[in-house]
Amino acid sequence: SSSEMASRIFGALRNIAANCHPTLATSGWSRSFSVSMAAQKHLTMEVKNEVAVVKFDSPGTKMNTLGKEVMSEMGEMLAKIRSDDGIKSAVLISGKEGCFIAGADITMLANCKSETEMTELATHGQNLLNEIETSSKPVVAAISGVCMGGGLETALACHYRIATGDSKTKLSCPEVMLGINPGAGGTQRIPRLVALPDALSMVLTGRNLVPAKAKKMGLVDMIVQPLGPGLKSAQGTTMEYLENVACDIARGMANGTVKADRKKSMMGKIMDRAYGVGFIRDMIFKKAKQTVMKQTLGLYPAPLKIIEAVRTGVEQGNQAGYKREAEVFGQLGMTSESKALMGLYEGQTNCKKNPFGVPQKTPETLAVLGAGLMGAGIVQVSIDKGYHVILKDTAEQGLSRGQQQIYKGLDLDVKKRKITSFERDRLMAGLDTQLDFTDFSKCDMVIEAVFEDINIKHKVLKEVEKVTPDHCIFASNTSALPITEIAKASSRPEKVIGMHYFSPVDKMQLLEIITTEKTSKDTTAAAVAVGLKQGKIVITVKDGPGFYTTRCLGPVLSEMLRLVLEGVSSKKLDKLTKEFGFPVGIATLLDEVGIDVGMHVATDLTVALGERMAGGNVDFLKDMVSAGFLGRKSGKGLFVYGDKKKSREENPDVVEIVQKYSLTPSEFNSDEDIQHRLALRFVNEAVLCLQEGILSNPLEGDIGAVFGLGFPPFLGGPFRYCDLHGAAGAVEKLEKYASHYGAAFKPCQLLLDHARDPTKKFHTSK
């Protein structure tokens, strides 16, 4: 789709010396010995019958990354392999199950202080991997698990690549999602190995490749199928087998009996020749640039610079290509965009850990109340991670619809070849659907996704507590009702918590967990554990009006409403918010959320927050709802839905309602003013949430804003935005707007403190 690269970037966003003192020991008929080096911490080397098996295994971490220490040790190992006549070939393999090398050490990159330092880092990486590529002794990469970024670049420098054909093995260049380019030869080696359009797709999207696809493209030479368990676990047996196969290939390459078979088909050869023709090549690069501009609106500098580095190598040769790649790496590493995106990566990593420790009883059986869109979505992300789930609804029709949604979601994974049809059926077997409370006595957690009505919530809470064991947690998937109010109906309020999922649940990564004054730490630990197992990025906030995400969204929607009533068209609002960097236009967002939902949120938050929610008249939304304009779900909202046209038309019937509540535009209605009026109300409210203790730290605030509400990722979230672009500028604009619009734009105290002292930062670098 036209937003594929943007959604890859939004989205989800993911993971990136001493002298030798050999100790020799001969064993059996073959020359087999281990090499230990004085400061070897991350790599080990064992020589097996003239093959040096180099194992990456950094201590105390699940993932191998390429930091300065690792690269230094690699250099030593390569020197040893080169100088030892008893070594004829080498194998690079991981000592970790599920990870070859996950990429460069992000902390090392984030700590670089200048363009020169970044460029030198890239040049050093290029030189190190060139040593592998130019080695007279063949080097084989044995890949199992994650092979990304610098890990893939390391494998590409080897003379032969073997990968295990399992679902955990993924190859990719995700640097673009960190706002940088592959800097250790990736932009040069990939176009030499695969067709130019495929190479550009890889480096511009960061998309994961499964081994079969990588082999078909020419990135991998051989696939070995995983084995079942034997004396070791299945993974352990597979790793041993992979190592043996790699050693055989390495020996064969050294004695000339094995060669990498990279013969292209006739069509492949014809296409390669075509890509060598100037005007065809120009067309490919032009199309790539047009696609990037359409999808990113030029807000992300990395994709354009990546195209530049690839093109230099293709047209001017290796030397010029490597030089340009390193220069671009230096330039991009110092941009505010890369700092913001690396900050998000750090935040994602932190939000995939449980800060509350291990719960006394880890939930195993879950129940979900309500088989609507949200309830069915929560079930899907639970059963596909191995949970046994009971789905309860009050109507057979509701259960049937929910079950169909879950099956359809899993079936889509089958069509995308993420799972087999057998796995789909096995996962569906973990679901029980029912109209009563049978087997609720076995539940460890009940997640309610019923109507947003406090009386209904109280009713189901009381019913659930009668039929569940004392340890069972009651979690509410409300998006705005205070959890403290819901918990008032509970006989065990320490077991009541909020778990706010975002729609569609199987696509949106964020889970916002809400605790009350009475929620126990153990309940919180269990809720976070469930969210993490469901594959979510989890933030934990304190209870309050709208929690964190809905509260930030409230003032933005209120300001959008004011702009509509000032005469700004929905199409213009969409255009300006997307140009600012939001993935979805603000008017379209309201239609997607539902005008009726927006009306309830605006009404409730206005009662709770008063003048901070000031903006357009909420009665405008009430009249929209009365007219049946509920947004996409009813076919009409601010826009008209139904036909399959790419550009939707505005709803002409809204004009009359706008006129009824119309406002006189202020002087602050330039395109830039409109963008800042919306974005700065978001930022100000987010900072106030930190000031009031709703948020415990700015990192979770940024993650919640980007992954839950689509705050522009290249700005890093509201807190990173203040750090990188200055709180003083934000305060100056807010005060300017406050002079006309009043208290809704009044900067909060914490933001004023940061504006007065430029040395104050929300994120302090380690």
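# Notebook: helix packing, burial and backbone angles

**Entry 1. Helices α22 and α27.** I looked up how helix α22 (residues 570-580) packs against helix α27 (residues 671-691), and found that their axes come within 10 Å and cross at roughly 75°. That angle makes α22 roughly perpendicular to α27. I note here that the model is predicted. On the α22 side, the contact is made by Lys572, Leu573, Leu576, Thr577, Glu579 and Phe580. Their partners in α27 are Asp671, Ile674, Gln675, His676, Leu678 and Ala679.

**Entry 2. The whole chain.** I then turned to the chain as a whole, which has 31 helices and 18 strands. Its radius of gyration is 28 Å, close to the 27 Å that the globule rule gives for 766 residues, so the chain is as compact as a globular protein of that length. The C-alpha trace spans about 85 × 60 × 55 Å along the principal axes. I recorded that 55% of the 766 residues count as buried. The accessible surface comes to about 32,800 Å², and 54% of this surface belongs to carbon and sulfur atoms.

**Entry 3. Helices α28 and α29.** At what angle do α28 and α29 pack? For helix α28 (residues 698-709) and helix α29 (residues 718-725) I found an angle of about 110°, with the axes 7 Å apart. The two helices are therefore roughly perpendicular to each other. Pro698, Leu699, Gly701, Asp702 and Ala705 in α28 meet Pro718, Phe719 and Arg720 in α29. The residues of this contact divide into five nonpolar, one polar and two charged.

**Entry 4. Ala163.** I located Ala163 in strand β8 (residues 160-164). Is Ala163 buried or exposed? Its relative accessibility is 0%, so Ala163 counts as buried, the cut-off for that class being under 20%. Leaving aside neighbours within four places in sequence, I listed the contacts of Ala163 as Ile143, Thr169, Pro211, Val220, Met222, Ile223 and Val224. I also checked Phe100, which is 63 residues from Ala163 along the chain; their C-alpha atoms are separated by 9.9 Å.

**Entry 5. Helix α23.** In helix α23 (residues 586-593), I found Ile586, Ala587, Thr588, Leu590 and Asp591 to be buried. What covers these residues includes α21 (549-565), α22, α24 (595-609) and α25 (619-626). Just after α23, Gly594 takes a positive phi of about 110°.

**Entry 6. Backbone angles in loops.** Most residues other than glycine have a negative phi, and most peptide bonds are trans. I therefore looked for exceptions to these two rules. Asn49, in the loop between β2 (43-48) and β3 (51-56), has a positive phi near 50°. At 22% relative accessibility, Asn49 counts as partly exposed. Asp439 has a positive phi near 70° and lies in the loop between β13 (431-434) and β14 (445-448). The relative accessibility of Asp439 is 33%, so Asp439 counts as partly exposed. Which residues does a cis peptide bond join? I found such a bond between Ser503 and Pro504, with omega about -5°. Pro504 is placed in the loop between β16 (496-501) and β17 (510-515).

Definitions and conventions: Residues are numbered from 1 along each chain as its sequence is written. This is a predicted model: local features need pLDDT of at least 70, side-chain atom pairs count only at pLDDT 80 or more; totals for chains, interfaces and linings use all residues. Side-chain values use heavy atoms; hydrogens and water are left out. Axes are lines fitted to C-alpha atoms, for helices over the stretch in contact, and angles run from 0 to 180 degrees between N-to-C directions. Helices (H or I, at least four residues) and strands (E, at least two) are DSSP runs, numbered from the N terminus. Angles under 35 degrees count as roughly parallel, over 145 as roughly antiparallel, 65 to 115 as roughly perpendicular and the rest as oblique. Contact means heavy atoms within 4.5 Å. The radius of gyration is taken over C-alpha atoms; the globule rule is 2.2 Å times the number of residues to the power 0.38. Buried means under 20% relative accessible area, exposed over 50%, partly exposed in between (1.4 Å probe, protein chains only). Accessible areas come from the Shrake-Rupley method with a 1.4 Å probe; for residues, only the protein chains shown count as cover. Ala, Val, Leu, Ile, Met, Phe, Trp, Tyr, Cys and Pro count as nonpolar, Asp, Glu, Lys and Arg as charged, and the others, Gly among them, as polar.
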